[in-house]
Amino acid sequence: MSNPIIESGNVAAAMAVQLARAEVIAAYPITPQTPVTEKLSELIAAGQMDAEYVAVESEHSAMGVCIGAASAGVRAFTATSSNGLLYMSEQLHWAAGARLPIVMCVVNRAIGAPWSVWNDHQDAISQRDTGWIQIFAKDHQEIIDMTLMAFRLAELVHIPVMVNYDGYYLSHTYMPFEPPDAECVDAFLPAYAYKHALTPERPESLNTVTLPDARLDVDGIKRGGYMDIRHNLHEEMGKSIEVWEEIDQEFQSLFGRGGHPVIDPYRCEDADVVIVAMGSMANQFRVVVDRLRQDDGLKVGILALQMYRPFPSAIIAEVLQSARHVMVYEKGLSYGNQGALYGDIKSALYPYPARPRLHNFIVGLGGRAIPTESLYQTMKTACEQDLQTPSAQVDAPQWIGLQL
Amino acid sequence: MKTNPRTTVLNLTEEEFVYPGNRACSGCGLSILYRVGVKALGRDCIFVVPPSCLTVMQGLYPIAATQMPVLNGTFASTAAIATGVKAAMRRLGRETQVVAWAGDGGTSDIGIQALSGALERGEDIIYICYDNEAYMNTGVQRSGTTPQGSLTTTTPFSGKSEVGKDLPAIIAAHNPAYLATCSASYPLDFHDKLLKAKQIKGLKYLHVQTPCPPGWGIEEHMTVALGRAAVETGLFDLYEIENGRMQLSGPSQQLLARPALRPVREYLQLQTRFKALGDEQADALQAQVDRRWAGYRDRFK
């Protein structure tokens, strides 16, 4: 690192937004997101950032302001957590359907009831089908880098991007990271220009009522109905994986960091057992992997998933096919079924002939501590008993760290 | 502030901003308002519209009846979206007016929180609520502003038992830069007030009573007569609030000179929505109007 600073994850996010020259910031306070918006309002008040700060009365309105600003061709940002994200859920679908390149940081926190201000991933997981691109950062450097890259991605594919990072574990801890150079950022992220921006010079009616069938416009050109428009979103979301990789390459050439924008595998090449996780827990697992390899002679690796939506099925399957076992650890689930990520991994592997056996672990809900020692022990036990266990039993999620 | 000459049919701009053949019902009060309102606003405007009859009237993709730029948004966030558009205009250095145009449900019920926030922040936008006194776009369900005794599909048989919200009073409590009540039956008064609103910084709120033939149970040719009856019976008063000072305006102000108003029954009896309203309720309504107007006569004589 040439010019590292030591700051919190929330400040790293705010610095990225400042560097990105976002022009409209709308936010409503919610723990543990609040310091992001405090920092942004401070930067604006101090004249260190030239932007409009709109102190809205709710998260629903925060996204409403972003929708308005982005529709008028101005770069917009907000941040939230937990129930705040859920309160704007309708707006998330709207922003994606309207194809607005809004960037939002989600500081992941458990969903009430009962109330919990601590970390898990249920907020982001519950919004996975909104049509937003979902990125998961696992350290402070990734928060600042990926938030910047998110603006570029959103504006290239015209799909909003949610940058997720763990509440408290990342948001409130202080770690060294290197802020990208402002001049290089300007070269990396050109000003936002939107050809359908609202303007009286070229009036357009945006997000009007559509009909089930495609219809001719006044010039006799056939225009898609709702289904065609939504199909475009799905197709272009799929293509955004490649765009994200290209952006990362460019970022790497300018800033010297990156190289793993979609997945970040660690010691997976020869691994019999691959762990899959998202966010800070994936970094925690590196210690576990090293110990299992060194003390127990187990060939284990950890695959960090950085991009959750669109789901990079083929890229994941390529890494996991050669493993005998895949252990999916996650902080969110589809209640009554299994871990959401687990289900996605399973479906990604289905088309391939060599399917590893899958195991699902639910950990850390509502901030329940995830001691590295317990990750090590559960992994060790799972590896020892794997071959004998009937698959139906393995398929049900195992809850780690229950106290009752 | 520039004082504009009173709008008349002779000085109203001839340019039309809405194409003929839109999807409004025949006799729609909103279509009168929209046609005349846009003439006052002019082309340097961006509209923000939540789900409402206006969404449908402005056209279904890929055909638009309106010639204005429009951002359709979610039901609850009209004032927030307008805030975002206005913030963008400031960033772009443009004077473009941002006009939120919503119905009574979108304003008094689901949209009131976002509007209250925008009022408190003093957003520099024009907010027009066309109040047809029920959820008309979904087929006449009761709203917060539906008057007591009115039949709707969710207050069948005996009508709404509660009194409607006094939405302009709620807005007035936020001290907006400008507040005016208007009627679709007096479109030129609406035009005058919009011309004034355009010159004022801050949040300008226009509340417009808008007769709805299918929702109110009236003949299509009675739209204008109904709105006029509401004003002339003293049931719906036209006024302005500027710098915290309320003043009757236009047609309502002229009523002060008359010895008596038309009885409220003349208004009620024209509509099938009030057919379940009993004599006692009509008398109570008359007494309420009489009290309010006695107050006006004292205050504004």
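Analyst: In this predicted model, strand E5 (residues 103-108) of chain A has six of its six residues buried, so E5(A) is largely enclosed by the rest of the structure. Burial here means that 20 or more other C-beta atoms lie within 10 Å of a residue's own. In a regular strand the side chains alternate between the two faces of the sheet. In E5(A), Val103(A), Cys105(A) and Val107(A) point one way, whereas Met104(A), Val106(A) and Asn108(A) point the other way, and all are buried.

The pairing of E5(A) can be followed on either side. With strand E4 (residues 76-80) of chain A, E5(A) pairs in the parallel sense over four bridges; within this pairing, Cys105(A) is the bridge partner of Ala79(A). With E7(A), the sense is again parallel, and six bridges are found. There, Met104(A) has Met162(A) as its bridge partner.

From E7(A) the sheet continues to strand E6 (residues 133-136) of chain A, which runs parallel to strand E7 (residues 161-166) and is joined to that strand by four bridges. One of the pairs is Ile135(A) with Val163(A).

These strands belong to an open sheet of seven in chain A, in the order E3-E2-E4-E5-E7-E6-E15, with mixed pairing. At the edges stand strand E3 (52-55) and strand E15 (307-309) of chain A, each with a single partner strand, so one side of each is left without a neighbour in the sheet. From one strand to the next, the twist averages 20°.

How values were computed
Residues are numbered from 1 along each chain as its sequence is written. Chains are lettered from A and ligands numbered from 1 in the order in which they are written. This is a predicted model: local features need pLDDT of at least 70, side-chain atom pairs count only at pLDDT 80 or more; totals for chains, interfaces and linings use all residues. Two strands pair if DSSP finds at least two bridges between them. Helices (H or I, at least four residues) and strands (E, at least two) are DSSP runs, numbered from the N terminus. Axes are lines fitted to C-alpha atoms, for helices over the stretch in contact, and angles run from 0 to 180 degrees between N-to-C directions. A residue is buried if 20 or more other C-beta atoms lie within 10 Å of its own, exposed if 12 or fewer, and partly exposed in between; C-beta atoms are placed from the backbone.
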